[in-house]
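Work through the following exercises with the structure open, and compare each step with its solution.

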Amino acid sequence: MKRFCLRFPLSLALLAAIALPVQAQPVPAQEAASHTASHLLDLLDRGEFAAAHTLFDPVMRQAVPLPVLEQVWKSMPAAGSRGPMRLVEENGVHSASIALQRGTQQFEALVSIAADGQVSGLLIRPASTAAPAPAVPNEAPFVERETEVGSGATALPATLALPKGDGPFPAVVLVHGSGAHDRDERIGPNRPFLDIARGLAAQGIAVLRYDKRSHARPQDLAAQPDIDAETTDDALLAVARLRQTPGIDAERIFVLGHSQGGMMAPRIGQRDPRIAGLILLAAPARNLLDILLEQNVRLLSLQGSLDSPAGQAHMAKLRADIAAVRHGDSDTRLLGQPARYWQSVDAVDPLAEARQSRQPLLILHGGQDIQVVDADWQAWQAAFARNPRVRLRHYPELNHLAMPSPASAGLAAYQIPAQVDAGLIADIADWIKGLTP
C-alpha cells in the first residue's frame, strides 16, 4: 500500500500505519534500506527535493508530484534531531520508523523501501503523545473484558465495557472514522472511543470497540479494497459478537458511527434490520470525494499555501485524480488507495441511505467541526428535522472529535488533550434508554 499524507492525519483522509512483524534479514539488505531511508530524510531536510523525488518508485512519483513534496516538507517546523531507526521487513519490503523532533513538535516518519531499493511509501505524522489508558477503577460501575470481532486468523482484537450487574444490558458498537484507527480511535493524545465507551458503560450501557481492520490487519483489504470490507462488514461482525455475549440484550444493540463510520451507519442498519438504532456522530451528509476537495482547500488555506504554485499543483492533481476515479480509470490511485476503493466510496449517498434505513436515528454535530462542516449539518436538518424517527443535536463548542475546541483552532486542536463532552455522552445514553423499556 502506498502511503503519503499532508501534514496531519485527518479523520476523513485515509492513512495506513506500518505495524509489521520483525524478521531476520541479511545484513546488506537491512543496511541498504536503512541508508535509503536516512538519505531520503537528509535530502528533504537540505531542501534537495528533486533529488529526494528520484528515490521514489514510479507510483509514488505519480501520486506525489515534486511540487507537492516540496510544499508539504516546507510546511513542517524547522528540522531538529532524529531518534534511532526501527526497521522491519515483510514480503521483501522494508519499513523504517524514525522519530523526528521538529521545532517544539514531535513527528514519526514511516518510510517503505521496496525490494528494488526504491521508496514505495512515505508517511509523516505527529507522534502519539497519549499516555497509557488508565485502568478501570475497582469501584467503577462497569468492567472491561478483552474479546475479538470475527473468528480465526482474521479476527480483530476488541474490548467490551460491560456494566456490573445481571443485565441484560443495551449495547453499542463503535464504528471508526476513516484511517487506520485502533479501538480507542486514538488521535494525538486523545481517545474519543475510550471516552464514549466508558462514559456509556458508567450509565448502564455496554460498549464494544475494536481495532479497525486497516489498523490490525491491513493485508486483509488487499483482495477487496472497498468501503464495505473496510467498515461495514466488521461492524456487522461486531453486532453479531454482542448478540452472542452473555449479559447483552440481543434486541437492544445500537451502532454509533463516527465521521466515515457515521456515513456508513445507515447501510449497516439496512444490512441488519435487528439493530435497534443508529447514532451518527460528525457524519458527512454529502459525497465524500467532494468533501475531500473541500478539506484540502481548507488545509492549504490554513497553511497559507493555497495560492502558491505547489498548492495549485496539488489541487490540480487531486481534481484530476478524482475525475479519473469517477470516469472509471482503474489505474488511478488517490491518497494511496486504488480507484476501486474510491469508486465504492463515491457510490455512498449518505442522505439516501439514511432515508432508506428503518431504525431510529440520532444525529450529532459539533459547531467547531472543520472536517464535516455546517453544510453537512444543514443537509441533515433539511432532510430530517420533521421526521419523528430522527433526533438531531447540535453542540456549538465541539469539534470533529466531539471535544471542546476554541473557534478557528484548526487541526492543532487535535493535539490538545481533551475528552469527549460529557453532555453529548449523556444525550446518547438518554436517547438509548428512551427507546428501550
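Contact here means heavy atoms within 4.5 Å, and helices (H or I, at least four residues) and strands (E, at least two) are DSSP runs, numbered from the N terminus. The model is predicted, so that local features need pLDDT of at least 70 and side-chain atom pairs count only at pLDDT 80 or more, while totals for chains, interfaces and linings use all residues. Residues are numbered from 1 along each chain as its sequence is written, and side-chain values use heavy atoms, with hydrogens and water left out.

**Exercise 1.** Determine which residues of helix α11 are buried, and what covers them.

*Solution.* Taking buried as under 20% relative accessible area (1.4 Å probe, protein chains only), the buried residues of α11 (residues 339–346) are Ala-339, Tyr-341, Trp-342, Ser-344 and Val-345. Their cover includes the helices α7, α8, α9 and α10, together with the strands β11 (333–334) and β12 (337–338).

**Exercise 2.** Describe how α7 packs against α8.

*Solution.* The axes, which are lines fitted to C-alpha atoms over the stretch in contact, with angles from 0 to 180 degrees between N-to-C directions, lie 10 Å apart for α7 (residues 227–243) and α8 (residues 260–271), at an angle of about 60 degrees. That makes α7 oblique to α8, given that angles under 35 degrees count as roughly parallel, over 145 as roughly antiparallel, 65 to 115 as roughly perpendicular and the rest as oblique. On the α8 side, the contact is made by Gln-260, Met-264, Arg-267, Ile-268 and Arg-271, and the α7 side includes Ile-227 and Leu-236. The residues of this contact divide into 5 nonpolar, 3 polar and 5 charged, where Ala, Val, Leu, Ile, Met, Phe, Trp, Tyr, Cys and Pro count as nonpolar, Asp, Glu, Lys and Arg as charged, and the others, Gly among them, as polar.

**Exercise 3.** Describe how α9 packs against α10.

*Solution.* The axes of α9 (residues 288–302) and α10 (residues 309–326) come within 11 Å and cross at roughly 175 degrees, and the two helices are therefore roughly antiparallel to each other. Among the residues that meet are Leu-289 and Leu-293 of α9, and Leu-318 and Ile-322 of α10. By class, this contact has 9 nonpolar, 3 polar and 3 charged residues.

**Exercise 4.** Count the aromatic pairs and classify the one formed by Tyr-341 and Trp-342.

*Solution.* Rings of Phe, Tyr and Trp (its six-membered ring) pair if their centres lie within 6.5 Å, and planes under 30 degrees apart count as stacked, over 60 as edge-to-face and the rest as tilted. The structure holds 3 such pairs. The rings of Tyr-341 and Trp-342 have centres 5.4 Å apart and planes at 85 degrees, so this pair is edge-to-face.

How values were computed: Buried < 20%, exposed > 50% of the residue type's maximum accessible area, 1.4 Å probe, protein only.
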